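Me: Hey, I'm new to this one. Can you walk me through the structure?

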Amino acid sequence: MPVERAGSWSLRWDRYAGRDVIPLWVADTDFRAPRGVLEALGARVRHGVFGYSLPPEKLRSAIVERLAGRYGWCVEPSWIVFLPGVVSGLHVSARRLLAPDEHALVPTPIYQHFKRALELAPRPHTDIPLALERGRWVFDFDVIKRTPARLAYLCNPHNPGGTVFTRAELVQFAQLTRDAIIVSDESRSGLVLEPGAKPLPIASQSPELSRRTVTLMSANEAFNMRAAGCAWAVGEDPRLREAMSLDARAHALPSPSVFGYIATLAALREGNAWLAAQIEYLRGNRDLVQRELPLPMAVVQATYLAWIDCRGMHDAHEHFLRHGVALSPGEQFGAPGFVRLNFGTQRARLRQALQRMTRALNSAG
């Protein structure tokens, strides 16, 4: 049975409480977390003491094993710095890895917290526009080539475009950014839908890249545990690692909660079958969106987010909302005229939303 999320303090669902609106905007899914996660959290609740917690060494080991097994990436446990979330890692990186007068590169469109982190720091930056080529959003390498920077951000798999960057694309990105620090958000690497696509941590491509990269990761996205609050940064260089550490953050940000540690460990150890089933279901949802919605969109190689070109419409976000479907507006990602659709929901609900959107398109004509 689908989970009833209305009234559960859900950001996504409660924003439109009391309205006939299907919320397909902010990026979480409508699926229960894996059974092993629920059982592990329940056991900790029954323990009944929720004091200060240390990162468990067995979680470090589980992360090391995961990275080696899934990506062939060998890291040391000491390279891992725990964070309350990937967004926190973006904000820490902007403030701690860049001096006030140092420059950053940001692929655009992009998940809004990349640019928000730089704006709040504040730090100067240049947008690197992504271009649609053969159904994939890829880098404009000419802009990267002529724009020197101290730090370059990367989002792989890409949010909102859904691209899984290839080895050749990552190597060229690395070469053109010269000796810049790379901060790579790879928190969606567990959500690859395209059978031929393979997520590759950019830091794993060479020893030189490993030494100048901070990789941000989390189990929250893949296993739908965003409220658990646990992420990590991987950095081989001790100076980069120290800049991301709790001491360097001067306690302005907390450590993950004990529930984040527990949920992440259980997901990595026991959630693989659940994850495989979810990916298969999301692949069917993606295909449904691509088949039923008569609007241009890139192939969603990864994530459960469709990036849809509505530049032929006037205020597509508001138009679809009036017809009962809430999407994320493209302006949020630096691309007016687009919308982002979250298809991480039950298929019957998704079908209903697509029917409403089709009626909205017909009425717009």
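Reply: Let's start with two helices: Gly-36, Val-37, Ala-40, Leu-41, Arg-44 and Val-45 in H2 meet Val-258, Phe-259, Ile-262, Ala-263, Ala-266, Ala-267 and Glu-270 in H11. Contact here means heavy atoms within 4.5 Å. By class, ten residues of this contact are nonpolar, one is polar and two are charged. Ala, Val, Leu, Ile, Met, Phe, Trp, Tyr, Cys and Pro count as nonpolar, Asp, Glu, Lys and Arg as charged, and the others, Gly among them, as polar.

Me: What kind of model is this, and how do the numbers work?

Reply: This is a predicted model, where local features need pLDDT of at least 70, side-chain atom pairs count only at pLDDT 80 or more, and totals for chains, interfaces and linings use all residues. Residues are numbered from 1 along each chain as its sequence is written, and side-chain values use heavy atoms, with hydrogens and water left out. Helices (H or I, at least four residues) and strands (E, at least two) are DSSP runs, numbered from the N terminus.

Me: Back to H2 and H11: at what angle do the axes cross?

Reply: The axes of H2 (residues 35-47) and H11 (residues 258-270) cross at roughly 145 degrees and come within 8 Å. Axes are lines fitted to C-alpha atoms, for helices over the stretch in contact, and angles run from 0 to 180 degrees between N-to-C directions.

Me: Is the crossing of H2 and H11 left-handed or right-handed?

Reply: H2 passes H11 in a right-handed crossing. A crossing is left-handed if the near helix is turned anticlockwise from the far one by less than a right angle, and right-handed if clockwise.

Me: New topic. How many cavities of 30 Å³ or more are there?

Reply: The structure holds two of them. On a 1 Å grid over the protein atoms alone, a cavity is a set of points where a 1.4 Å probe fits but cannot get out, and a pocket is an open set with protein on both sides within 12 Å along at least five of seven lines; lining residues have an atom within 4 Å of a point. Grid points are joined across faces, edges and corners, and a volume is the space filled by probe spheres set on the points.

Me: What lines the largest cavity?

Reply: The volume of the largest cavity is about 160 Å³. It is lined by 16 residues, and the closest to its centre are Arg-66, Tyr-71, Ser-189, Ser-218 and Leu-268. Helix H3 (57-71) and helix H9 (220-223) each supply at least two lining residues, and H3 has the largest share with four.

Me: And which residues line the second largest cavity?

Reply: Ala-27, Asn-159, Arg-188, Leu-191, Arg-226, Thr-303, Tyr-304 and Leu-305 do. The second largest cavity holds about 30 Å³ of space.

Me: How much space is in the largest pocket?

Reply: About 1,000 Å³. Of its 43 lining residues, Asp-28, Asn-224, Met-225, Arg-226 and Ala-227 are the closest to the centre. Helices that each give at least two residues to this lining include H2 and H11, the pair we began with.

Me: How does the lining of the second largest pocket divide by class?

Reply: Four residues are nonpolar, none are polar and seven are charged. Among the lining residues are Arg-96, Arg-150, Asp-179 and Asp-237. Helix H10 (residues 238-244) gives the most, with three residues, and the volume of this pocket is about 210 Å³.

Me: Why is H4 called largely enclosed?

Reply: Eight of the eleven residues of H4 are buried, so H4 is largely enclosed by the rest of the structure. Buried means under 20% relative accessible area, exposed over 50%, partly exposed in between (1.4 Å probe, protein chains only). Val-86, Leu-90 and His-91 are among the buried ones.

Me: What about Thr-303, buried or exposed?

Reply: Thr-303 counts as buried because its relative accessibility is 1%. Phi of Thr-303 is near 80 degrees, a positive value in a residue other than glycine. Trp-9 has a positive phi too, near 65 degrees, but Trp-9 counts as exposed at 82% relative accessibility.
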